[in-house]
Amino acid sequence: MKKCSRSAHESLSELNITPLLDLAFVLLVIFIITTIPPVKDSDLKLPVASKHEKDPPRKANYISLQADGKLFLNTLEIPLDELLPKLIGLRTDDPDLNVIVRGDAKTKYKDIRAVLDLCQQANIVKVDLATEIMK
């Protein structure tokens, strides 16, 4: 006596590709809809854009502190008590002033802190500390 009929084995051995074809047609329709056809309605002479050059980056101002306590604003040696009026003058000339504080590795932290406090008193927002990358 047979336990399985012949029709049950035939249905399992055939692959139904209808869902695969449906998926392929749906993807084809999506690709057709999403691709933008080239616009060739009429010939137009488009205007030419003028070349706008970027503004040069603003020059950063350096405050350098040496280990012996000497202080430099860019390349000019300056005492600490004259630094605040100079910074205020630079900030009034350039409201977007950028200052980079460079301290020697053996400079005392209190000296760097004093310079940072003066930058804050002069309302300079862009203050960076320069460091070296270790290799």
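Of the 135 residues in this protein chain, 17% count as buried. Please keep in mind that we're looking at a predicted model. The chain exposes about 12,300 Å², and carbon and sulfur atoms supply 59% of that area.

Now the overall layout. There are four helices and five strands, and starting from the N terminus they run α-α-β-β-β-α-β-α-β. If you take the contacts with a separation of 6 or more, 62% of them join residues 24 or more positions apart.

Let's walk over to helix H4, residues 109–121.

Which residues of H4 are buried? They are Ile112, Val115, Leu118 and Cys119. These four cover an arc of only 120 degrees around the axis, so they sit on the same side of H4. Here is the background: an α-helix has 3.6 residues a turn, so residues three or four places apart point the same way. The buried residues of H4 pack against strands E1, E2, E4 and E5, and against helix H3. Turn to the other side of H4, and you'll find Tyr109, Lys110, Gln120 and Gln121 exposed. Following the helix comes Asn123, with a positive phi near 60 degrees.

One last stop, Thr107, in the loop between strand E4 and H4. Is Thr107 buried or exposed? With a relative accessible area of 10%, under the 20% cut-off, it is buried. Its side chain reaches the backbone oxygen of Leu65 at 3.5 Å.

Key:
Residues numbered from 1 in each chain as written. Predicted model: local features only at pLDDT ≥ 70, side-chain atom pairs only at ≥ 80, totals over all residues. Heavy atoms only, no water. Helix = DSSP H or I, 4+ residues; strand = E, 2+ residues; numbered from the N terminus. Buried < 20%, exposed > 50% of the residue type's maximum accessible area, 1.4 Å probe, protein only. Polar contact = N/O pair within 3.5 Å; in protein donor to acceptor, adjacent residues only side chain to side chain. Contact = heavy atoms within 4.5 Å. Areas by Shrake-Rupley, 256 points an atom, 1.4 Å probe, with all protein chains shown as cover. Arc of directions from axis to C-beta.
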